[in-house]
Each structure stands twice: as C-alpha cells, then as structure tokens.
Amino acid sequence: MSLATSSSTVQTLQTSLQAKAKAEPAFRFYSLWDKVCRTDVLWVAYRRCRANRGAPGYDDISFQQIEDQGVDGWLERLRQELMAGEYRPQPLLRVWIPKAQGGQRPLGIPTIRDRVVQMAMLLVIGPIFEADLLPRQYGFRPGLDAKMAIRMTHFGIAQRGKREVVDADLSDYFNTIPHGELMRCISRRIADGTVLSVIRQWLKVPVVERCEGSEKRTTEAKDKNRGTPQGGIVSPLLSNLYFRRFLLAWQKLGFGQRLRAEVVNYADDLVILCPNGRGEAAMEAMRQIMSRLGLTINEKKTRLVKLPGEHFDFLGYTFGEFHGKDGRPYWGTRPSKKAIKRLKQGIHDATSSRWNATTVESRVAEINPMLRGWANYFNQGPVTKIYRDLQGYTDRRLRIWLMRRSGKKGTGYRQYPDEYLYETLRLYQLPLKRTDLLNAKA
C-alpha cells in the first residue's frame with residue numbers, strides 16, 4: 001500500500017470519527033482497536049515516527065535496522081501481534097534534557113515498536129477527543145500552536161483590559177496526573193476494553209536508566225498510580241484531557257463569568273487574565289480547583305502580576321507595557337531574557353573547542369536550524385535589536401571557532417568577513433531590518 005493511499009484512507013477514518021464525536025457529545029466508541037490495527041493506520045504511524053528521527057529505545061533497535069529487514073514485514077508482524085492480543089509495551093529508556101530555568105527534565109523514551117503503536121492509537125482516538133477539547137487549550141493540537149496562545153494573551157491585555165494576570169506554575173504536572181481520574185476522562189468517550197487496557201499499560205510501564213554499564217529499573221508511575229510518561233507520543237493528548245477538567249470546573253463553578261477571568265493554556269503552562277481587583281480571587285479559585293484535581297501549585301513560581309508596573313513571561317515571551325522610540329507606552333511582547341540566553345548557550349555549545357575536529361559545514365548545519373527556528377517563533381513585537389545582538393554573537397562565536405580550529409589567535413574579523421560567513425559558508429542571517437522581518441513573516 002502506497003503512502004499516499006494510506007494517508008488518504010486514514011484521513012477519511014479520522015474525519016468520520018471526529019464528525020461522529022462532534023455530532024454526539026455523549027457518544028462512547030465501542031469498536032476502535034480493530035482500527036488501530038489496520039495496515040494503513042500502522043503504515044502512516046510508522047512514517048510519522050520515522051519523520052521525527054528519534055533515537056532507539058530500551059531495545060536499541062533503530063529505524064535503520066527495521067528498514068534493513070523490511071518495513072512491510074516488520075509492520076505485518078506487529079499487526080499480527082496486536083490482533084492476537086499479545087502486545088505488551090517494553091520499558092521506557094530514561095534520558096535527561098536541560099530545563100530552561102536550570103536543572104534537568106526526565107524523559108521516558110519508548111521503543112520504536114511502542115512509538116508506532118502509540119502513534120496508531122493517537123491517529124484513531126485523537127480526532128475523537130479533539131472534538132471535546134476547549135478553545136483556549138492551544139498545546140499539541142492540529143491547527144493550533146503556542147503563538148496563537150501568545151496572541152490571545154496579548155489581546156486580552158491590550159484590547160480587553162485584563163490588567164491583572166495570574167502567572168501560574170504547576171509542579172511536575174505530567175508526572176502527577178492521577179491515573180484513576182485520567183482513565184475516567186478517557187472512558188467517558190472510549191468503551192473499547194482493549195484500547196483502555198493498552199493505555200493503562202502505557203501509564204504503568206517501568207522506566208530503565210542506564211549508567212556506567214548498569215541498569216536501574218523503577219516503577220514509580222505504577223507504584224503511585226500517577227503520571228503520563230514525558231516522551232510518549234500519547235502523553236500530550238492525555239495531559240490535555242486531564243487539564244480540560246480544570247477548564248470545565250472553572251466554567252461550571254462560575255469563576256470565568258463572575259470574575260470576568262480568561263484562562264489561556266498551553267500544555268502545563270497557563271495564565272489567567274483578570275480585570276483590576278479580580279486577580280487575588282482568581283488565584284485562590286485556581287488553587288482550590290487544582291487541589292481537587294490532585295495537582296500541586298508551585299508557589300515559588302506562581303504569582304499575581306499587576307500591569308503596567310510589572311512584566312511576566314509566558315511561552316518564551318515577556319508581556320507588559322513597553323515604550324517606543326518616542327517614549328509613548330504600548331502593550332506588547334518581546335522575546336524573554338531566558339529565551340535569548342538559551343539560544344546563546346546553544347550557539348556557544350555548537351562552537352566550543354570540542355568540535356575542532358569536525359567540518360565547518362557540520363557546524364553551520366547545526367547552527368542554522370537554531371537561528372531559523374528561533375526567528376520563526378520569536379518574531380512578535382520589537383525584535384530587530386535583539387536579532388542584531390544574536391547575529392553578532394553568532395558571527396563572533398563562529399569566527400573564533402574557525403580561528404582556533406586553524407591554530408590561530410584573534411577574533412577572525414579580517415580572515416573571515418561577513419561575505420565569507422553568509423555567502424561561502426551559507427550561515428543563516430537573521431532579518432536585521434524591519435522590512436526584512438515583515439517579508440520573512442509573509
């Protein structure tokens with residue numbers, strides 16, 4: 001079966017499931033596992049996982065190994081295993097990634113086999129739950145993204161006059177979601193016993209961490225009956241489903257209407273936009289609902305921001321009152337200091353002396369996606385001055401790396417002029433003029 005044909009039939013299936021879910025909000029789907037096991041669904045699931053180019057999981061089997069033995073045969077064996085009820089998820093491989101505010105975040109990486117099954121499950125149940133998620137939930141949803149949440153937040157402040165903001169932070173949200181309550185959220189729509197059983201297995205799967213030739217296996221999620229594995233393909237959907245309970249309670253208990261307070265949510269990040277004098281009540285209401293849901297507020301990072309005297313960060317942007325060249329104030333956004341620092345750290349790491357033995361092309365190939373991705377996301381508000389600073393920092397770091405790699409001292413400005421960096425090496429150049437920025441956005 002060709003990829004085009006598989007994509008078409010899977011899209012038809014998704015459209016049908018979502019239409020049914022929208023037309024009948026109380027309908028429960030009883031027969032879904034057979035759809036997860038369909039050849040076209042598994043094929044599309046594999047291609048999507050392959051496009052993410054993830055590393056092997058606990059079993060050390062890579063995409064290349066699967067393709068060397070033949071994808072069609074591998075998928076058919078997996079399908080037979082699923083149909084026979086013999087599928088059992090393998091342990092997650094624990095890896096650590098740096099957090100923006102310091103420290104490290106644990107990720108549980110599934111095997112490619114489990115990733116494909118999770119993606120197949122997401123292809124089937126995702127459209128059903130998409131019909132139920134609320135408009136202000138912007139994370140991990142088709143057609144929505146973080147910049148929409150940023151624009152909605154700015155609109156609430158600038159146009160709707162919400163000048164008190166609850167800048168909330170949840171402590172370890174993904175790892176504290178209660179399994180029992182989460183499964184109730186899922187079973188409200190899904191009645192297929194096999195689908196529910198497999199999701200439970202994913203929630204309770206053990207985690208293996210490798211260190212110096214030894215393995216440490218933990219079963220914290222199973223022991224505590226909490227958490228959705230960060231790194232799992234279905235985890236973003238499950239986290240959205242559980243956060244939906246907070247938004248429903250916010251509406252049902254009347255806080256939105258009574259306080260005229262609007263919640264904007266992206267994954268585990270949220271802000272509550274309030275008129276003057278309503279912020280304290282909104283913060284207390286938020287604490288009460290989160291406590292009922294079994295979630296914990298990080299009190300050290302949660303605060304009530306009163307504009308225009310203060311600023312706050314949300315999804316990498318700083319919000320508040322700024323001043324233009326003529327000194328006139330305006331409500332706006334700019335890339336946060338943390339976001340700028342994080343990019344500079346990435347550029348610094350990519351041009352450190354440990355890469356002296358690599359090619360110049362490999363360094364530029366690593367730097368360019370960083371700059372391009374950063375510019376594509378951080379292009380709201382007054383950014384040209386920040387772009388100039390970042391471009392200057394990148395050029396300086398690359399020149400110094402080139403000099404050291406050649407065994408020379410100095411800054412490299414004469415040896416490696418701008419023309420060499422941008423035209424010969426093809427280093428990505430950030431838009432440094434307002435007109436260039438507008439053209440880039442278009």
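Modeller: Before we begin, two strands count as paired if DSSP finds at least two bridges between them; helices (H or I, at least four residues) and strands (E, at least two) are DSSP runs numbered from the N terminus.

Biologist: Which direction do S4 and S5 run, and how many bridges join them?

Modeller: In this predicted model, strand S4 (residues 207–211) and S5 run antiparallel, joined by five bridges. Residues are numbered from 1 along each chain as its sequence is written. Local features need pLDDT of at least 70, side-chain atom pairs count only at pLDDT 80 or more, and totals for chains, interfaces and linings use all residues, while side-chain values use heavy atoms, without hydrogens and water.

Biologist: What is the bridge partner of Glu209 in S5?

Modeller: Glu209 has Lys216 as its bridge partner there.

Biologist: And what is the strand order of that sheet?

Modeller: The order is S2-S1-S4-S5, in an open sheet with mixed pairing. Strand S2 (104–109) and strand S5 (214–218) are the edge strands, each pairing on one side only.

Biologist: Changing topic, what is the order in the sheet with S3?

Modeller: That open sheet of four strands is ordered S6-S7-S3-S8, and its pairing is antiparallel. Strand S6 (262–266) and strand S8 (303–306) each have a single partner strand, so one side of each lacks a neighbour in the sheet.

Biologist: How many bridges join S3 to S8?

Modeller: Four bridges join strand S3 (residues 164–169) to S8. Among the residues involved, Glu164 has Lys306 in S8 as its bridge partner.
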